[in-house]
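This report describes selected aromatic and nonpolar features, read alongside the sequence and coordinates shown below.

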Amino acid sequence: GDATFRRWLQTPVPNGRDIRIEFLAKLYFAQMEGFAAVETLIDRQLAGMAALLARLEKQASRLPDAAVFDRLVLQFRIGQTRAVIAWLELCRAETGQPAHN
């Protein structure tokens with residue numbers, strides 16, 4: 001059970017919508033584990049969100065001009081993902097970690 005918990009704790013959530021519940025739960029438990037667990041969690045989540053942002057931006061760039069609705073949906077998700085990244089940077093600052101470059 002302990003190994004499963006630690007694996008779960010260090011695995012980034014896959015989507016921005018999972019940040020509000022699952023990531024916050026992970027952050028809560030990571031703080032109980034100490035600075036290294038918080039640092040690992042935030043670093044991995046930032047990397048996951050950066051990869052998601054790159055995929056979304058690539059999808060948006062490939063859409064034909066006539067795909068207005070699809071583009072709007074992707075732009076919404078891109079904006080949300082950028083907001084999550086900014087919030088994760090705030091988490092880093094609030095937990096006393098150096099800024100991510």
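The model is a predicted one. Phenylalanine 5 falls into the partly exposed class as well, at 24% relative accessibility; the cut-off for buried is under 20%.

Both phenylalanine 5 and tryptophan 8 belong to helix 1, which spans residues 2–10. They are three residues apart, about one turn of the helix.

## Ring pairs

The structure contains five aromatic pairs. One of them joins phenylalanine 5 and tryptophan 8 in a tilted arrangement, with 5.9 Å centre to centre and 35° between the planes.

What is the geometry of the pair formed by tyrosine 28 and phenylalanine 29? The pair is edge-to-face, because the planes stand at 80°, where over 60 degrees is required; the ring centres are 5.4 Å apart. Tyrosine 28 is partly exposed at 48% relative accessibility, and phenylalanine 29 is partly exposed with a relative accessible area of 33%.

Ring pairs connect Phe5, Trp8, Tyr28 and Phe29 into a cluster.

## Nonpolar surface patch

Leu24, Trp87 and Leu90 make up a nonpolar surface patch of about 250 Å². Leucine 24 is located in helix 2, residues 19–33.

Key. Residues numbered from 1 in each chain as written. Predicted model: local features only at pLDDT ≥ 70, side-chain atom pairs only at ≥ 80, totals over all residues. Heavy atoms only, no water. Phe/Tyr/Trp six-rings, centres within 6.5 Å; stacked < 30°, edge-to-face > 60°. Helix = DSSP H or I, 4+ residues; strand = E, 2+ residues; numbered from the N terminus. Buried < 20%, exposed > 50% of the residue type's maximum accessible area, 1.4 Å probe, protein only. Patch = residues over 30% accessible without salt bridge, like charges linked within 9 Å, V, L, I, M, F, W, Y side chains within 5 Å. Areas by Shrake-Rupley, 256 points an atom, 1.4 Å probe, with all protein chains shown as cover. Salt bridge = Lys/Arg side-chain N within 4 Å of Asp/Glu carboxyl O.
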